[in-house]
Amino acid sequence: MSNLFYIKSFIFLSQLTLIESFFIFSKLHGGDTLEEFVQALADLDEAKTVDLTKKRVDSGEDPFTILEDVRKATDIIGKRFEEGRYFVSDLIMAGEILKQVMEILRPLLGEKKAESKGKVVIGSVEGDVHDIGKNIVIALLEAEGFEVVDIGVDQPPEAFVEAANQHNPDVVGLSGLLTEAIESMKRTVEALRKAGYKGKIIIGGGRTSEEAKEYTGADDWADDAAVGVRKIKALVGVE
């Protein structure tokens, strides 16, 4: 290939996110099913995502590895939304695709335990309609034996307070993909504490961090579904 081709390719890739550039570069050099999967989900290609999920499961791949790739795709989707390249309808579409992926993976994540390890109320905070990460966490928690109450997406602080009062959970989980979700999380934590909720609160999503935990007043945080489940187990004192 000519030097001009590589120069043009470099300019094009420099305009994309690091993750997107990696997967496009991999495709130019014969990317494998893993890379195709992340790109298909990030591009909201429903048929291809479902087909690749089935192929990976049939090949005996660890379902938790597939979930990690879902997280990578979610990062790309969130970035595109914040850049104005994706819209609310695209986030909803991503959630619908994930439901199909989880239907395939859920039987492989373990049987739901008969004895509950605890109760978790979880939802996406106000201003955030993303539910991919939330739904993964729910599936993993149920497989671990937790009772989970999902209050949905774009929920104001009052909805979390109402759910906490009604269900008396051990943990309340606040989910959000977008940077703006951190402010909603802070308001929700404040509302829960003001209402007298004494349980644990964990925030989760791609933009959460130790700093975000301190800022919001939550008890813990996680930017990965599997890590989030481990931390919830630790918060309630179960193995």
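## Lys 233 and its contacts

Lys 233 touches Lys 117, Glu 144, Phe 146, Val 238 and Glu 239, leaving aside residues up to four places away in sequence. Lys 233 sits in helix H11, which covers residues 225–236. Is Lys 233 buried or exposed? In this predicted model, Lys 233 has a relative accessible area of 15%. Buried means under 20%, so Lys 233 counts as buried.

## The chain as a whole

The chain holds 11 helices and five strands. Of its 239 residues, 48% are buried. Now take the contacts between residues at least 6 apart in sequence. Among these, 70% join residues at least 24 apart.

Strand E1 spans residues 118–124. Seven of its seven residues are buried, so the strand is mostly covered. In a regular strand, side chains alternate between the two faces of the sheet. Which residues of E1 lie on each side? Gly 118, Val 120, Ile 122 and Ser 124 are on one side. Lys 119, Val 121 and Gly 123 are on the other. Both faces are covered.

E1 pairs with strand E2 (residues 146–150) in the parallel sense, over five bridges. Here Val 120 has Val 148 as its bridge partner. E1 also pairs with strand E3 (residues 171–175) in the parallel sense, again over five bridges. In this pairing, Val 121 stands opposite Val 172. Gly 123 stands opposite Leu 174.

## Helices across the sheet

Which residues of H8 are buried? They include Pro 157, Ala 159 and Phe 160. Val 161, Ala 163 and Ala 164 are buried too. The buried residues of H8 pack against E1, E3 and helix H9 (181–194).

## Two helix pairs

Helix H5 (residues 63–82) packs on H7 at an angle of about 160°, with the axes 10 Å apart. Angles over 145 degrees count as roughly antiparallel, and H5 and H7 are therefore roughly antiparallel to each other. Their crossing is left-handed. On the H5 side, the meeting residues are Phe 64, Leu 67, Val 70, Thr 74 and Ile 77. On the H7 side, they are Ile 132, Ile 136 and Leu 140. An α-helix has 3.6 residues a turn, so residues three or four places apart point the same way.

Helix H4 (residues 46–58) and helix H6 (residues 88–105) form another packed pair. What is the angle between H4 and H6? The angle is about 20°, and their axes are 10 Å apart. Angles under 35 degrees count as roughly parallel, and H4 and H6 are therefore roughly parallel to each other. H4 passes H6 in a right-handed crossing. H4 brings Glu 46, Thr 49, Val 50, Thr 53, Lys 54 and Val 57 to the contact. H6 brings Met 93, Ile 97, Gln 100, Val 101, Ile 104 and Leu 105.

## Two residues with positive phi

Asp 154 lies in the loop between E2 and H8. Its phi is positive, about 55°, although Asp 154 is not a glycine. With a relative accessible area of 37%, Asp 154 is partly exposed.

Asn 168 follows H8 and lies in the loop between H8 and E3. Asn 168 is also not a glycine, and its phi is positive, near 50°. Is Asn 168 buried or exposed? Its relative accessibility is 62%. Exposed means over 50%, so Asn 168 counts as exposed.

Definitions and conventions:
Residues are numbered from 1 along each chain as its sequence is written. This is a predicted model: local features need pLDDT of at least 70, side-chain atom pairs count only at pLDDT 80 or more; totals for chains, interfaces and linings use all residues. Side-chain values use heavy atoms; hydrogens and water are left out. Buried means under 20% relative accessible area, exposed over 50%, partly exposed in between (1.4 Å probe, protein chains only). Helices (H or I, at least four residues) and strands (E, at least two) are DSSP runs, numbered from the N terminus. Two strands pair if DSSP finds at least two bridges between them. Axes are lines fitted to C-alpha atoms, for helices over the stretch in contact, and angles run from 0 to 180 degrees between N-to-C directions. Angles under 35 degrees count as roughly parallel, over 145 as roughly antiparallel, 65 to 115 as roughly perpendicular and the rest as oblique. A crossing is left-handed if the near helix is turned anticlockwise from the far one by less than a right angle, and right-handed if clockwise. Contact means heavy atoms within 4.5 Å.
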